[in-house]
Amino acid sequence: MKLGRLEMEDDESFESSSDDVRAAPIHTCRKYLRLACSELRVDSLSDLIPALKRLQSSYENTKRFVGDVVCVVERGPKSHRSVQHAVWCDLAWSHVLPTLEHWLGLLEKKQSRSSGGEYDA
């Protein structure tokens with residue numbers, strides 16, 4: 001598995017793949033482990049894998065949620081989209097917030113008419 005060029009904050013870098021980890025300098029491996037623990041906010045290496053699994057689970061749940069939201073918006077009344085994009089593609093969700101804001105505005109207008117005593121058919 002190719003990881004590519006790894007770079008540290010102190011500009012130290014080396015070519016690496018997961019297969020070549022045995023050849024990597026031990027001090028560099030330790031730096032990466034400390035950095036990974038810091039980024040994942042864990043204090044122990046034994047907590048590293050569970051933290052990565054939680055991150056993966058969170059990613060999968062978020063991806064599913066975003067996909068569901070995009071589907072709802074694309075089925076909505078203002079949708080004229082015929083091209084489907086991958087969930088994380090900017091084109092797939094760039095219209096989602098404007099559409100949701102438009103719908104929110106419509107709901108607020110409906111609520112203000114209802115609370116204002118006007119008949120809402």
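**A guided reading of a helical chain**

On helix H4, the face turned away from the buried side carries the exposed residues Leu97, Glu101, Lys109 and Ser115. Here a residue is called buried at under 20% relative accessible area, exposed at over 50%, and partly exposed in between, with a 1.4 Å probe and protein chains only. Helices (H or I, at least four residues) and strands (E, at least two) are DSSP runs numbered from the N terminus. The model is a predicted one, in which local features need pLDDT of at least 70 and side-chain atom pairs count only at pLDDT 80 or more, while totals for chains, interfaces and linings use all residues. Residues are numbered from 1 along each chain as its sequence is written, and side-chain values use heavy atoms, with hydrogens and water left out.

The buried residues of H4 are Val96, Thr99 and Trp103. They lie on the same side of H4 because they cover an arc of only 75 degrees around the axis, the arc being that of the directions from the helix axis to the C-beta atoms. H4 spans residues 96-115, and its 20 residues reach 28 Å from first C-alpha to last, close to the 28 Å expected at 1.5 Å a residue. The expected span is 1.5 Å times one less than the number of residues in the helix.

The chain as a whole has 4 helices and 2 strands, arranged along the sequence as β-β-α-α-α-α. Of its 121 residues, 20% are buried. Among contacts (heavy atoms within 4.5 Å) with a separation of 6 or more, 23% join residues 24 or more positions apart. The accessible surface is about 9800 Å², and 56% of it belongs to carbon and sulfur atoms; such areas come from the Shrake-Rupley method with a 1.4 Å probe, and for residues only the protein chains shown count as cover.

Helix H1 comprises residues 26-40, with Thr28, Tyr32 and Cys37 buried. Arginine 41 follows H1 and is found in the loop between H1 and H2. Most residues other than glycine have a negative phi. Arginine 41, although not a glycine, has a positive phi of about 55 degrees. This arginine 41 counts as exposed because its relative accessibility is 76%.

Helix H2 (residues 48-75) contains isoleucine 49. The 28 residues of H2 reach 41 Å from first C-alpha to last, close to the 40 Å expected. Buried in H2 are Leu48, Ala51, Val66, Gly67, Val70, Val73 and Glu74. By contrast, Ile49, Leu52 and Leu55 form a nonpolar surface patch with about 270 Å² of accessible area together. Patches consist of residues with over 30% relative accessible area and no salt bridge, like charges being joined within 9 Å and nonpolar side chains (Val, Leu, Ile, Met, Phe, Trp, Tyr) within 5 Å. A salt bridge is a side-chain nitrogen of Lys or Arg within 4 Å of a carboxyl oxygen of Asp or Glu.
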